[in-house]
Amino acid sequence: MVAVTGAAEGIGRLLVERLVKAVGSGSVAEVVAIGDSEDEAAGVPLGAAWRTADVRDPQLAACLPGVDVLVHTDDDRTLQTAPKQRRTHNLRAAQTVLTAAAAQRVPRAVLLTSTMVHGAGPDNPVPMPEDS
């Protein structure tokens, strides 16, 4: 079973669409789409099970029993959010996702990130080294 956070929009939605197409192929048995509210469930492809959770809330762990792979795509990449607020949100989400996955003994977790995690800025080198 594969679970995807941020499943109602952007890259999370695209990933859920592809995973749903792969159900029954032998590589994907079930897809769990995770988002912030029930309202978002309408935008999720048919064939995915919907679970509501805030990725910054430890209750996220309740959405993960039986999950083999957790893919975290629910991060704030908008430039409209103040950098400090965006970084705080994304770090808290990543910490909570990994802790929830560990609590449910999810064998694999994938976090999609960007250089924003390192504090990307106009004066930083491109590509940004991992030790930044």
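This is a predicted model: local features need pLDDT of at least 70, side-chain atom pairs count only at pLDDT 80 or more; totals for chains, interfaces and linings use all residues.
Residues are numbered from 1 along each chain as its sequence is written, and side-chain values use heavy atoms, without hydrogens and water.

Next, switch to a cartoon view. The protein has two helices and five strands, in the order β-α-β-β-β-α-β from the N terminus. Helices (H or I, at least four residues) and strands (E, at least two) are DSSP runs, numbered from the N terminus.

Now colour by burial. Of the 132 residues, 36% are buried (under 20% relative accessible area, 1.4 Å probe, protein chains only).

Select Ala3, Ile34, Leu60, Leu64, Val67, Leu70 and Val106. These have the most contacts inside the largest nonpolar core, which has 17 residues. Such a core is a set of buried Ala, Val, Leu, Ile, Met, Phe, Trp, Tyr and Cys residues joined through side-chain atoms within 4.5 Å. Strand 2 (31-35) and helix 2 (83-103) each give two or more residues to this core; helix 2 gives the most, with four.

Zoom in on Leu70. Beyond its neighbours within four places in sequence, Leu70 is in contact (heavy atoms within 4.5 Å) with Ala3, Thr5, Leu64, Val97, Ala101, Val106, Arg108, Ala109 and Val110.

Finally, select Val2, Val4, Ala33 and Val44. They are among the 15 residues of another core, apart from the largest one.

Technical notes
Buried means under 20% relative accessible area, exposed over 50%, partly exposed in between (1.4 Å probe, protein chains only).
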